[in-house]
Amino acid sequence: SAEITQNVKPSVWVEFTQLAVEHKAVNLGQGFPDTPMPKFVADCMKHVAEHPEMVGWHQYTRGFGHARLVNVLAKLYGDVYGVKIDPMNEILVTVGAYMALYYAFNGWINKGDQVIIIEPAYDCYLPQVIACGGVPVPITMKLKKNATTSADYILDLNELESKINEKTKMIVVNNPHNPTGKLYTRQELEGIADLAKKYNLLVIADEVYEYHVWDTETIRMASLPGMWERTISVGSAGKVFSVTGWKTGWALAPAHLLGPLKTVHQNCIFTLNTPTQESLAQAFEKEVEIIAKDISQSYLRKGLSSELKAKRDRLASMLNKAGFKPIIPDSGYFMMADFSNFKGPFLEEKPGDDPLDFRFVRWLCKEKKLATIPPTAFYSEQFKKDNENLIRLCYFKKDETLDAAEKILDEFA
Ligand code: PMP
Ligand code: GLN
């Protein structure tokens, strides 16, 4: 409602993406790769553009998702979740993962329903839940003392259970996790799943970084025993193929869970752009074929992760050398780093000021020309104070960008 909207402040993406441009900063802030997109994906789009006579590739397509795309997604994820997915009833293609989340909250939340959000949490969950009349119930993961890896972010399952009551409708689980890079273990996921089953909760599984792992695989919530029936899985082609600007995502769930999302969608945008969906369908078909034939040639299962791991290691060593304390991520393309060693004007606090990380990030961008993101944006008000000594950096960047960041960081050493 207008009343709710009036109280929403600009998001970090609005402020800090603009600030990075204004100060011509080296941008390790907003999460997007600045490396060239995979050529085979670009070739698919080229192929689509080269065929104006293919009416079905360029006019309105099926409202709930372009048929060729939902068909291949059903095949890919049927194998991943170990269930048979009905492409026409159990997949909804959306404008990015953002919209799949928004539909899920809109479709399922009644006024006053409580939604458990594990913090730090991707910053759109909370305002989206509030916009739908829901009540966010935050719980924070505790960061161990002298933490070195993202596995040191610990979720206390007893505390989680203590947040559940008769108003609790759903829990949002983001795995692999933004901003920490935490990759949930099977034990942790089963712990959450057991609570969802015990209290009859829906789970929104935001798994947009599902392929951004190395030496291992993401365990999908919907693949756990008894969880397919109560999970809405959210994915993003922008993440999968490193083309964030394509803004195409999906919600995947059994028909009875997906229905309300489809109702919201049909009267909101009805259908999304066809050429991008057709291009993605062709790219996914190629991937499905390669995964079956020779997984070592797969972009999703091999190429992407080998590229990322090297970049992660490089950024971690740059940060260490400069005096930050990085928390090495197990997945995703973000890294948290503690900046407590640094002194500067950002330490001065005036009444009404933003948290320390916001002040540090603004200083770093304006004075040192390095753009990052302040992680307290991922905490609700009462937990910001305890978590204001970190910054979040994106390491999915080409060598030249990391070189430029290294030069800036070297000045700190
Ligand atoms: N969830 C998480 C955890 C994200 O990091 C993002 C940002 N890409 C989204 C959802 C939204 O993804 P999309 O760009 O596909 O809307
Ligand atoms: N998901 C990306 C991030 O976390 C981009 C966010 C955005 O632009 N809204 O940085």
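**Helix H2**

I began with helix H2, residues 12-22, where I found Val12, Phe16 and Ala20 buried. Viewed down the H2 axis, the buried residues fall within an arc of 45 degrees, so they line one face of the helix. This is a predicted model, and I read every entry here that way. I then turned to the other side of H2 and noted Val14, Gln18, Val21 and Glu22 as exposed.

What covers the buried residues of H2? I listed strand E1 (26-27), helix H14 (356-368) and strand E13 (370-371) among the cover. I also checked the backbone just after H2: Lys24 takes a positive phi of about 45 degrees.

**The sheet E11-E12-E14**

Next I looked up an open sheet. Three strands form it in the order E11-E12-E14, and the pairing is antiparallel. Strand E11 (325-327) and strand E14 (390-394) are the edge strands, each pairing on one side only. Ignoring direction, I noted that neighbouring strands of this sheet are turned by 30 degrees against each other on average.

I followed strand E12, residues 334-338, to E14 and found five bridges in the antiparallel sense. Asp338 has Leu390 of E14 as its bridge partner.

Which helix lies across E11, E12 and E14? I found helix H13, residues 299-322, running at about 15 degrees to E12.

**Ligand 1**

Last, I went to ligand 1. I recorded 14 residues around it, the closest being Gly96, Ala97, Tyr98, Tyr122 and Ser236. Helix H6 (residues 96-108) gives the largest share of this shell, three residues. By type, I noted four nonpolar, eight polar and two charged residues in the shell around ligand 1.

How values were computed
Residues numbered from 1 in each chain as written. Chains lettered and ligands numbered in written order. Predicted model: local features only at pLDDT ≥ 70, side-chain atom pairs only at ≥ 80, totals over all residues. Near = placed C-beta within 6 Å. Helix = DSSP H or I, 4+ residues; strand = E, 2+ residues; numbered from the N terminus. Nonpolar A, V, L, I, M, F, W, Y, C, P; charged D, E, K, R; others polar. Buried ≥ 20, exposed ≤ 12 C-beta atoms within 10 Å, placed from the backbone. Arc of directions from axis to C-beta. Contact = placed C-beta atoms within 7 Å. Pairing = 2+ DSSP bridges. Axes fitted to C-alpha atoms, helices over the stretch in contact; angles between N-to-C directions.
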